[in-house]
Amino acid sequence: MVAKDESSKNCIMLELLKENWAHGRHVETERLDFTSIYVAIVGGTLAFIGSDFNIQTMWPIFSFLLIFSFLGFQLSKKWGNVFDAHMKKVQDILLELKDDEIKGIGFVELPSFNKEDSNLKGWKKFFNVIKNWRRTKNLFNIFYIIMMIVWFTLLILSFVKNLIY
């Protein structure tokens, strides 16, 4: 009876592992799809303003792009955290299962998750992101931060030009 209970528990754990892995991949796909839409909208907007560029009248467009970039940044942060949570669950499940039960699933290497990293605040968190900048989640966040800086700078320039002229 104990062997049957153990076997059914392992089957459930394997299903949980597969579900968390699949949902983690789904979250990554959502982030990539949103970024593709973002790039298409920004490209279309740049093509539009490139045809008749007058920085003094572009402040509504720059404001929209700044807000859109902020939305992308917030969504990217959220998707990165959700992905990390699913991969943490996958890692926990893998640690509970025996080696012979997970052979053939296809997991070669999983990212290591340090619980201390999730509790960092302020400057420590900032420097941890700088240290781990090559993680996909951080690259997406850095991309949106750079875009927010660009649109904010152009927005300020459009207002300054309006004041001068």
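**Entry 1: salt bridges**

I started in helix α2, where D92 and K88 sit four residues apart, about one turn of the helix. Helices here are DSSP runs of H or I with at least four residues, strands are E runs of at least two, and numbering goes from the N terminus. The side chains of D92 and K88 form a salt bridge, with N to O at 2.7 Å. D92 is partly exposed, at 33% relative accessible area. My classes were buried under 20% relative accessible area, exposed over 50%, and partly exposed in between (1.4 Å probe, protein chains only).

I noted the source before going on. This is a predicted model, with residues numbered from 1 along each chain as its sequence is written; local features need pLDDT of at least 70, and side-chain atom pairs count only at pLDDT 80 or more.

How many salt bridges does a search of the whole structure find? It finds three. I looked up the other pairs in helix α1. R31 and E28 meet at 2.5 Å, N to O. They are three residues apart in α1, so about one helical turn separates them. Is R31 buried or exposed? R31 is buried, at 2% relative accessible area. E28 is partly exposed, at 22%.

K18 pairs with E15, with the closest N and O atoms 4.0 Å apart. Both lie in helix α1, three residues apart, about one turn of the helix. K18 is partly exposed at 44%, and E15 is partly exposed at 43%.

**Entry 2: fold and core**

I read the elements from the N terminus as α-α-α-α-α-α. That is six helices and zero strands.

Next I checked the largest nonpolar core. I took a core as buried Ala, Val, Leu, Ile, Met, Phe, Trp, Tyr and Cys residues joined through side-chain atoms within 4.5 Å. It holds 28 residues, of which L17, F34, Y38, F62, L97 and W151 touch the most other members. Helices α1 (2–51), α2 (59–96) and α6 (136–164) each give two or more residues to this core. Which element gives the most? α2 does, with 12 residues.

I then looked at contacts, meaning heavy atoms within 4.5 Å. Among those between residues at least 6 apart in sequence, 81% join residues at least 24 apart.

**Entry 3: surface**

Buried residues are 30% of the 165 in the protein. The protein exposes about 11,300 Å², and carbon and sulfur atoms supply 65% of that. Areas come from the Shrake-Rupley method with a 1.4 Å probe; for residues, only the protein chains shown count as cover.

I found a nonpolar surface patch of L139, I142, I146 and V150, with about 290 Å² of accessible area together. Patch members have over 30% relative accessible area and no salt bridge; like charges are joined within 9 Å, and nonpolar side chains (Val, Leu, Ile, Met, Phe, Trp, Tyr) within 5 Å. V150 is in helix α6. V150 counts as partly exposed, at 33% relative accessibility.

**Entry 4: confidence**

I ended with pLDDT, the predictor's confidence in each residue, from 0 to 100. The mean is 80, and 72% of residues reach 70 or more. Where is confidence lowest? It is lowest in helix α4 (residues 115–118), at a mean of 51, and highest in α2, at 91. Where pLDDT is low, the predicted coordinates should not be read in detail.

Note on methods: Heavy atoms only, no water.
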